[in-house]
Each structure stands twice: as C-alpha cells, then as structure tokens.
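I set out to record what I looked up on chain contacts and helix packing. The entries follow the order in which I went through them.

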Amino acid sequence: MIEEKFDAIVVGAGPSGNAAAYTMAREGLNVLQIERGEYSGSKNVQGAILYADALEKIIPDFREDAPLERHVIEQRMWMMDDKSHTGAHYRSEDFNEEKPNRYTILRAQFDKWFSSKVREAGALVLFETTVTELVKDLSGQVIGVRTDRQGSPIMANVVILAEGVNGLVGQRSGLRDEVSPDSVALAVKEMHFLPRETIEARFNLTGNEGVVIEAMGTITRGMTGTGFLYTNEESISVGIGCIVSDFAESDVTPNELLEAFKNHPSIKPLLAGSECKEYAAHLIPEGGYRAIPRLTGPGWIVVGDAGQFVNAVHREGSNLAMTTGRVAAETVVALTRKREPMTAAALKDYEKRLEQTFVMKDLKKYQGIPALLHARKGAFFGAYPRLVSQAMQTWFRVDGTDKKSKEQAIYRNFRETRTLWGMLGDAFNLVRAWR
Amino acid sequence: MHIVVCIKQVPDSAQIRVHPVTNTIMRQGVPTIINPYDLFALEEALRLKERFGATVTVLTMGPPTAADSLRKALTFGADRAVLLTDRYFAGSDTLATSFALSMALRKIAADFGAPEIIFTGKQTIDGDTAQVGPGIAKRLDYNQLTYVSRIVETDLDAGTIRVERRAEGGIQVLQTRLPVLVTMLEATNEMRRGSIENALIAARAPVVTWNATDVGIEDLTKCGLRGSPTIVKKVFAPTARTEKAVIVDADGSADAKAQALVEAIFARAPTVEHELNEQAAHHYV
C-alpha cells in the first residue's frame, strides 16, 4: 500500500506534461509524472519546430542548454502540383536576433532535456509505466490513478491528463469520447542525414540558420493535408500528413504519399545524396476548436494534444501544448496554495485562464477552417493548386503569344474548372472562416 | 544474505551502425540498454531475494549516464545501486575492468557486508569476451561457476550452491562452496516487471557513486587505457550476406510441403543430396 498522496499526478511526458510537471514542481508541489515510454520523447513525434515564446514563459533561459538544431530565418510556403511549386518565401536578417523566435529540434533529444529539467525541479518521474485508468471516489471525484504495474493505486489531489492525441485514459474513465477520424491527421516523416556543409550550401544558410518549407497542393491527392521539410543541424526532416478519414476513403497509403512527395521534382534535389536515418508516424489532432473535448472535471484537467490543442492552419502545436500545460499547472498551484479542493467548479478556472491566452483566441478564430477545407478538399488540395500552377506556367512561358491572350487563357482555364460562383463562394467562405 | 549483481550499460546493438567510410561504430543517438545477459543474472538474484530475504546490490562501472541503467535495475526490485565512475576508467579492457570492479566489490563488502553470491551475465553484447566475471572471481578469490543455466539449490546453512552448467555436449551439475561468482546464461529465466512500489522507490533512490579514490585504487596505471594490454587492431563491419531467405510455397498436405522444401534445398545446394545419400548408404552397411 502506498501511503503517500501527491499534490498532482501528470499523465504523460510530452511538451504539455513536462510543462505542467515542471511548473508545479518548481512551485514546490509534490508532483508525480507517469510516462509509458522508456524515456520522455521515446513515443513523441513532431516535425519539429520549437516556438521559443511558449517555452520562455516556463524556462526563460532554456537556450543555455536545450538541444536546439537551427533557428528558422526563412519560411517557404509552397503551393504544389505534380511538377511545380508556386512559392512565397520570407527570409529576414531580423530572425538572426540574439534570442531567436523559432528553432528546429529533434524531439527525442529535446524531450529528454525537458524531462531532466522536470526532475531537477523536484518532480518524481516514472517511465515505462502506463496509467490504465483513473480512480474515483463515490462522488465521482478523481482521486488517483491505476497503472499497468502490480500494486495499489497512487493517490493525488488532481490528475493532469497530458496523455496525447488518443486520450485513452480519459476515454476509459468515461470523461470523453473516442477521437473522431475526421478530426485527426496521420502524419509520416523521415529524417535524412546530410553533412551540415551540404545543408548550408543547398539552402543558402550560414552557421545555425535554418529553413522551413510548408507545402500544400496535389501532393496530398485531394485529401486534406500538408507536407513539410525542415532543416536540422545535420539532417532534414521531411514529412506529409492528411486527415485520417480522408486516408480511409482513399486507396492511398501514407507511405506512398511520402515517397511521392520525396520524389517531387521540387523536393528531390533538396534530399539528393541523403541517407534516411529514421522514420516515424503520429496522429495530430486537427479538429480545431469544435473538436475540443471536455477539459476539466472533479479532480482532472486535460492539456496538450489530448485537448485537441493544435492550430492546424499555422502548423502550431507544441507551443499550445506547453502553454496549456503551464496554465493548468498555474491553476493547480493557485488552488493548492489556497488549500481549496480540486472540484469541477474550482478547476473551471483553467478554462477561464485559457480564454485569455492565444491558445483559445487562435483556435476560436480558425474554428471554421478545418471543416471548410475538409468539405472543399477537392478544390483546395487539387483544383486550385493545379490552376495556380497552370496560370504561372502560361504567364512565364515566352512563346510568341501576346499577354492579353495569355490573360484570357488563364481566366478561361479557371472558369472551365470551377464556376465563378463556386470560386467566389470558396473565397468568401475562406475569408469568413479566417476572420 | 547479500547478493551483488554486476551489470553493464551497453548500446542497443539492434540499433547500432558502423560508419560506412571511417569504419567506426556510430554511437551517437543509439539508445542504451542493460546488457541483456545481465538481466538474467538480476532476475536470478531477485528470486533468491524472495526466497531468502536477501539484499540485492547492483553495481556498474561506466560514465555518469550509466546511473539510468542502475535506476532501471532498482525498478525491477534491487535494493541498492552503486555506480563506479571516473575518467581514469575510460578505455578499460577486461583486465582493467575486472580490477576496478573487484576494488568496488571490496568496498561494497566493507560497507554493506560481504556478498555470498556475485552474479554477472555470461558476457556483454558489446564486448562478447565473457572475461570480466571470471576476472573478478579470481581477484576476490571467489569460487566461480560460469555459463550457468539453472540454480538447482542454494543451502545457506551448509554454505553450498548447486547449479546446472551448459557445457559442450551436455549439462554439468556442479556444486561448490559459497562465496561464489555465477555468470548466467541467456534465456534461463524471464525478467519480472517491477511493482509500482518498486518504481516509486527507484525513482527516488540515490545512486551510490564512487570514483577510483573512493574504492581505494592508488595505482592508476592499472586503470583505463593504461591498465589495458588489449589492442584493438581493426574494426570492420561484416559484409552483408547477399543470399536472401526464400519462402517455399506449396499447396496441399504436409508431405507435399516437405517434398517441395527438400526439392528447393537440393536445387540450391546440389551437393547436399549426394552427401546425404552417401551418409545413408554408409549408415546401412
């Protein structure tokens, strides 16, 4: 029998769990964190971009020893058809600031580092231990967790569920439904080793500068999704992901999609001569605001991917995870200090606090986008990218045709593919969903 | 009763690769594990602990990060963890390693009681020498039982241990007096999953950390690279076999499948049929 009762138990050691455990432990709470993987980061997959701001609010001097790959100085947004890409690139010397804003990272290393900070802060961390269910008292108040290890349950005043996208513990404990296939994306990625000099020459970089490419278009074969390519110190992360229900409807496998993306004429030369070092796949919650499950209840709080906290439009996730983890921790710290019980009403404060952050504001702003893109996926991930590419080709190819005729040809091409009203409708809906 | 289990943190050999150009082992980013053979030793020790109420100490020599392996051993149910770490130990071969470990074991004996049994794995997966265990036994003047597949009986009152030892051509049943050093064979038991209580204890447990001076080593020339007469002449990656596995497909009865298999073997290795026939003929003479 374990006599000890913890102030809080955190389920999971990803960015949200680590942020929560660190924040509470640093404030002196008796924290137990339980992770099913062999170490923090062993189960975690991400592109991966680290957004400095969210981490700075937790560990201000993280740059001193966190394993960071490259700081991002250039963003390339590509709209692709089968042979071409139309790009908008933004590169600025401002991103070479003293405290850069975004970094590429390798999650296995980064999460290990974050986890070491959690332990230094005083939290107790168990690895290779899976929380199987929440323990409730007769009133329904969550009072602890049961694990897959033999022995008695472990008690705590509150359980923070940072368990990741599937939310299995929450499901098993009847706190939430199964994740709907149309609100999660399946992403696959590979890490390709290349010498750093090659990366720097190929992407026009010096030192630790890095480039991010985000791509959409026919690469996802009409499914809702995007591709990406990030430069690390001595490797390139390349991946692609689509909504799970789209994969289910199509006969395309994620692997085929990634192979085709890697062999796209715009991507292939960037990877030439590289050696694939690892491959990984993961689910990403992309249902947005409307897919957020219940976030609090008596004795429990949900943070990170488990709460669908991903901004799919801006490809942000880990920063939302860390922020929700921190805010949940701050809520628990405040209640613990006041010696208030962790009732459903008291923990609602977490949701109120979240409303004041960019997390809820951004997710609310884009709440219509996932459904719109999904409903009109044939247009947004097929017809339009193709049309844009054809228009570019018509415009830039010098073949004796006069410019007026070219303009007319481009216009005709658009009209033949989509009715004017259809296009206007899509544009109108997109603008409305964006606002 | 006091049992010490010597373990080693090794790179997970399933994930290790040799650099194609320099021929050196690429250790970077390769996860580390407890040497799998040592887990059989640890499980055997934990079984004795359950039977006799023994105290189990795990000992390792390695870099500070080897503490992770010790903590893991604690989650399985070991009681105490000792890490022997010092930059002077870097580059140790089996001679220098067994020297350093035997010194640590002397200190363990002095501080926590002399162990009746010291366990090691048969060998490590990164060195494959199987020399460190016997080296320790020799230096400590312990009896040694190597390649042990089963502990038949431990009689604490009589101070004896009887084991089965796998030898060429059969199994030896050996008995000797305690104290003893036992090196365990693989697949002799199955490592338990530690309880949640053990996991909690392990997450908090301090790892006793000693350096060369702590264990009374005065002559540093016996340590590390200087104390290691072994010279690695060459490291190379074995060339991959070009032959691929073939799945023999055949419909129908087991006999038909066997027939198809035999034919496939004979087709691939034409001399086999002849050799088998010769042997058979010889046999029936």
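**Entry 1. Contact between the chains.** I began with the interface in this predicted model. I found 9 residues of chain B in contact with 10 residues of chain A. I then sorted the side of chain B that touches chain A by class, which gave 4 nonpolar, 2 polar and 3 charged residues.

**Entry 2. Chain B as a whole.** I next looked up the make-up of chain B and noted 7 helices and 13 strands. Its C-alpha trace spans about 65 × 55 × 40 Å along the principal axes. Chain B has 285 residues, and 37% of them count as buried. I also checked how far apart in sequence the contacting residues of chain B lie. Taking contacts between residues at least 6 apart in sequence, I noted that 68% join residues at least 24 apart.

**Entry 3. A helix pair in chain B.** How do helix α2 and helix α5 of chain B cross? I located α2 at residues 67-76 and α5 at residues 196-204 of chain B. Their axes come within 7 Å and cross at roughly 150 degrees. Angles over 145 degrees count as roughly antiparallel, so α2(B) is roughly antiparallel to α5(B). I recorded the crossing of these two helices as right-handed. On the α2(B) side, the contact is made by B:Arg71, B:Leu74, B:Thr75 and B:Phe76. On the α5(B) side, B:Asn198, B:Ala199, B:Ile201 and B:Ala202 take part. By class, I noted 5 nonpolar, 2 polar and 1 charged residue in this contact.

**Entry 4. A helix pair in chain A.** I turned to chain A and looked up helix α1, residues 15-26, against helix α9, residues 318-337. The two pack at an angle of about 30 degrees, and their axes are 7 Å apart. Since angles under 35 degrees count as roughly parallel, α1(A) and α9(A) are therefore roughly parallel to each other. From α1(A), the contact draws on A:Pro15, A:Ser16, A:Gly17, A:Ala19, A:Ala20, A:Thr23 and A:Met24. From α9(A), I listed several contributors, among them A:Ala321, A:Met322, A:Gly325, A:Arg326, A:Ala329, A:Glu330 and A:Val333. The class count for the contact of α1(A) with α9(A) came to 10 nonpolar, 6 polar and 2 charged residues.

How values were computed:
Residues are numbered from 1 along each chain as its sequence is written. Chains are lettered from A and ligands numbered from 1 in the order in which they are written. This is a predicted model: local features need pLDDT of at least 70, side-chain atom pairs count only at pLDDT 80 or more; totals for chains, interfaces and linings use all residues. Axes are lines fitted to C-alpha atoms, for helices over the stretch in contact, and angles run from 0 to 180 degrees between N-to-C directions. Helices (H or I, at least four residues) and strands (E, at least two) are DSSP runs, numbered from the N terminus. Angles under 35 degrees count as roughly parallel, over 145 as roughly antiparallel, 65 to 115 as roughly perpendicular and the rest as oblique. A crossing is left-handed if the near helix is turned anticlockwise from the far one by less than a right angle, and right-handed if clockwise. Two residues are in contact if their C-beta atoms, placed from the backbone, lie within 7 Å. Ala, Val, Leu, Ile, Met, Phe, Trp, Tyr, Cys and Pro count as nonpolar, Asp, Glu, Lys and Arg as charged, and the others, Gly among them, as polar. A residue is buried if 20 or more other C-beta atoms lie within 10 Å of its own, exposed if 12 or fewer, and partly exposed in between; C-beta atoms are placed from the backbone.
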